[in-house]
Amino acid sequence: MTLLQDFTKGFIKENPVFIMALGLCPVLAVTTSVENAIGMGLAATFVLVGSNFMISLIKKLIPAKVRIPCYIVVIASFVTVVDMSMNAFLPDLHKNLGLFIPLIVVNCVILGRAEAFANRNNLIRSILDGFGMGLGFTLALVVLGVIRELLGVGTLLGYNILPLGFRESPMLVAILAPGAFITMGLLMGLLNMRRKTTQGAE
Amino acid sequence: MMYYLKLAFVLLVIAGLASATLAYLNGKTQPIIEANKKLAELAAREKVLPGASAFERDSLAVEGAQVSDSLEPLRLQDDSGGGMFFYYRAYDKDHNLVGYIFTALGKGYSSTIQTMCGVVFADDGALELNAIEILYQGETPGLGANAVNDKFLGRFNGLSQLLTTSRLYVDKDGGDITSITGATITTRAIVNSIREGMNHLPAPPVSEETPEPIIESAPVEPIAPVVLEEEAA
Amino acid sequence: MQFMGSVFALAITAIFVQNFVLSRFLGLCPYIGVSKKLDSAIGMGMAVVFVMTLASAISWLIQTYLLNRFGLGYLQTIAFILTIAALVQFVEMVIQKTAPALYKSLGVYLPLITTNCAVLGVSILNISEGFNFLGAVLNGLFAGLGFTLVLVAMAGIRERLEQAEVPQAMKGMPIAFIVAGCMALAFLGFSGFKI
């Protein structure tokens with residue numbers, strides 16, 4: 001596998017959200033607006049790259065028996081760094097994401113990549129993998145965010161997109177909890193359909 | 001045995017390094033976070049009561065008060081004074097009492113909403129709500145979270161207390177405040193908390209005398225107990 | 001009497017109004033992942049109730065007597081997740097020694113719980129909502145019960161769904177999400193429930 005593939009596989013082919021169904025909680029919880037989606041995605045990407053880098057660096061020093069606790073400490077440190085710097089420099093975004101910042105620790109994408117990839121591969125590949133997976137995660141969040149904000153509020157990134165009549169009585173359910181689940185289910189179904197047809201063509 | 005010691009040692013070193021890094025970063029970011037909070041608080045005060053430059057903290061004992069000290073709006077536990085109602089007397093540059101500021105706490109759909117309220121004195125000596133600002137809310141984005149928009153906040157400008165006690169209810173409860181689309185609970189929480197707070201505030205002083213000059217950082221003198229007006233049932 | 005009333009209010013809030021899975025979006029991975037079979041859902045649910053209650057108690061004690069006392073609030077995330085990991089490991093060992101039968105049915109699910117964000121979530125929420133010790137423990141217990149309720153309900157539906165004719169592309173996970181959406185819609189009816 002080339003370095004480029006290490007980077008790009010996370011986008012679609014091994015997308016952590018749509019294909020592997022990992023890290024679902026923040027995906028559904030914070031995608032009520034595109035802005036929150038981007039913020040969450042980038043925060044998770046930072047943690048992913050950081051923890052993949054760190055773990056790949058120290059993997060030889062860690063005895064196999066305590067590797068999971070060690071990973072958790074490394075990941076939790078990066079999460080706290082994100083938490084503190086976001087609170088200091090982007091207080092509004094921090095308020096919106098709230099509880100889901102510390103919960104990046106238990107995002108299975110991050111621990112999963114540490115265990116499945118960074119633990120076995122060299123520094124450069126691990127960083128690329130973390131970066132690619134992080135961007136794939138962000139992509140999934142943004143797709144969901146765009147759909148839900150557009151249908152539920154009628155805006156994108158706060159800018160008015162749909163006509164006033166729609167914005168005054170939008171499809172509220174899209175930003176409520178049920179909308180998150182249903183959008184996610186339909187998107188996964190759509191991806192399945194696409195995969196089926198491309199496989200059929202081959 | 002040596003093996004287990006090694007395991008514990010590695011874990012300890014990693015945890016120690018992580019804690020040290022975080023302690024360092026915490027020292028760097030904490031002042032900024034505090035400063036941001038202070039700035040936000042000041043900006044909110046300026047918005048709800050423009051022109052006031054000095055503030056003096058005061059409190060009343062109120063049974064089961066759900067109103068916080070507005071300087072530390074995030075501390076909701078009992079130690080900020082269970083059953084105490086905190087408010088600020090606001091003075092302009094010439095040390096004239098121009099109004100009160102208080103922070104109302106109302107339990108909304110998914111968070112306790114903190115609303116800063118600026119109260120001025122109307123010509124007839126009644127209390128009038130000048131403007132409000134949401135300091136904190138964790139309501140559903142797109143619904144309850146719309147409470148921070150000026151379109152909603154503007155509905156509260158210039159309500160007199162006469163209106164407050166009887167008409168300051170959500171429209172669904174028979175009042176005059178139109179609730180946010182799809183977020184009656186949020187609106188009700190805000191409206192009810194403001195109404196309660198307004199009811200706790202002391203009546204404006206009758207005399208026109210200029211009060212003693214106040215320096216903001218001066219320690220607040222113990223204040224004689226303020227007699228509360230009989231509340232409208 | 002008043003005490004029982006507030007316990008009841010807490011229970012209704014944590015189980016229905018603010019259900020961890022359907023309204024707070026916590027613990028989705030096991031909700032989707034372990035809801036294919038009814039008996040595994042019950043096993044997972046019981047393990048989660050157990051761990052959430054214990055984790056609520058211990059994390060509250062750590063926050064109050066360690067982190068707050070020494071001004072170490074910024075270590076909250078690390079401290080809580082390590083506590084939970086250690087707790088899960090410990091519970092696993094104890095159950096294995098004392099109740100082999102229980103271990104057989106719960107054992108496989110225990111390691112999965114460390115990365116269940118509902119557990120870390122309830123620990124952090126207990127602190128930020130300002131609960132006292134008893135409130136935190138009860139909140140953990142009820143939140144766990146709420147999780148189990150929807151997990152078991154979901155498993156029941158999905159077992160039936162196996163037999164249903166679902167469009168090829170929607171089979172498996174996609175239809176599970178749609179079902180979850182319908183359940184969330186039903187739970188929306190509890191919103192604004194004031195006790």
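**Exercise 1. Does Glu115(A) count as buried, partly exposed or exposed, and what is its relative accessibility?**

Before starting, note that this is a predicted model, where local features need pLDDT of at least 70, side-chain atom pairs count only at pLDDT 80 or more, and totals for chains, interfaces and linings use all residues. Residues are numbered from 1 along each chain as its sequence is written, chains are lettered from A and ligands numbered from 1 in the order in which they are written, and side-chain values use heavy atoms, with hydrogens and water left out.

Solution. 
- Step 1: get the cut-offs. Buried means under 20% relative accessible area, exposed over 50%, and partly exposed in between (1.4 Å probe, protein chains only).
- Step 2: apply them. Glu115(A) has 23% relative accessibility, so it counts as partly exposed.
- Step 3: look at the partner. Glu115(A) forms a salt bridge with Arg67(A), with 2.7 Å between the closest N and O atoms. (A salt bridge is a side-chain nitrogen of Lys or Arg within 4 Å of a carboxyl oxygen of Asp or Glu.)
- Step 4: (Helices, H or I with at least four residues, and strands, E with at least two, are DSSP runs numbered from the N terminus.)
- Step 5: check Arg67(A), which is partly exposed at 25%.

**Exercise 2. Find out how Lys9(A) and Asp6(A) are paired, and whether they are buried or exposed.**

Solution. 
- Step 1: Lys9(A) and Asp6(A) form a salt bridge, their closest N and O atoms being 3.9 Å apart.
- Step 2: Lys9(A) is buried, with a relative accessible area of 6%, and Asp6(A) is buried too, at 1%.
- Step 3: widen the view. Asp6(A), Lys9(A), Arg113(A), Arg125(A) and Asp129(A) are linked in a network of salt bridges.
- Step 4: for the whole picture, the structure holds 6 salt bridges over all chains.

**Exercise 3. Work out which parts of chain B the pair Lys47(B) and Glu133(B) ties together.**

Solution. 
- Step 1: their side chains meet in a salt bridge (2.8 Å, N to O).
- Step 2: Lys47(B) lies in helix H1 of chain B and Glu133(B) in strand E6 (residues 127-136) of chain B, so the pair ties together parts that are 86 residues apart in sequence.
- Step 3: Lys47(B) counts as partly exposed at 35%, and so does Glu133(B) at 21%.

**Exercise 4. Where in chain B is confidence lowest, and where is it highest?**

Solution. 
- Step 1: chain B averages a pLDDT of 72, and 73% of the residues score at least 70. (pLDDT is the predictor's confidence in each residue, from 0 to 100.)
- Step 2: within chain B, strand E2 (residues 67-68) is lowest, at a mean of 44, and helix H1 (residues 2-48) is highest, at 85.
- Step 3: over residues 66-81 of chain B the pLDDT is below 50, and this stretch has 34 contacts beyond near neighbours in sequence. (Contact means heavy atoms within 4.5 Å.)

**Exercise 5. Describe the contact between chain C and chain B.**

Solution. 
- Step 1: chain C brings 9 residues and chain B brings 10 residues.
- Step 2: the count between chain C and chain B is 0 salt bridges.
- Step 3: on the side of chain C that touches chain B, the residues divide into 4 nonpolar, 4 polar and 1 charged. (Ala, Val, Leu, Ile, Met, Phe, Trp, Tyr, Cys and Pro count as nonpolar, Asp, Glu, Lys and Arg as charged, and the others, Gly among them, as polar.)
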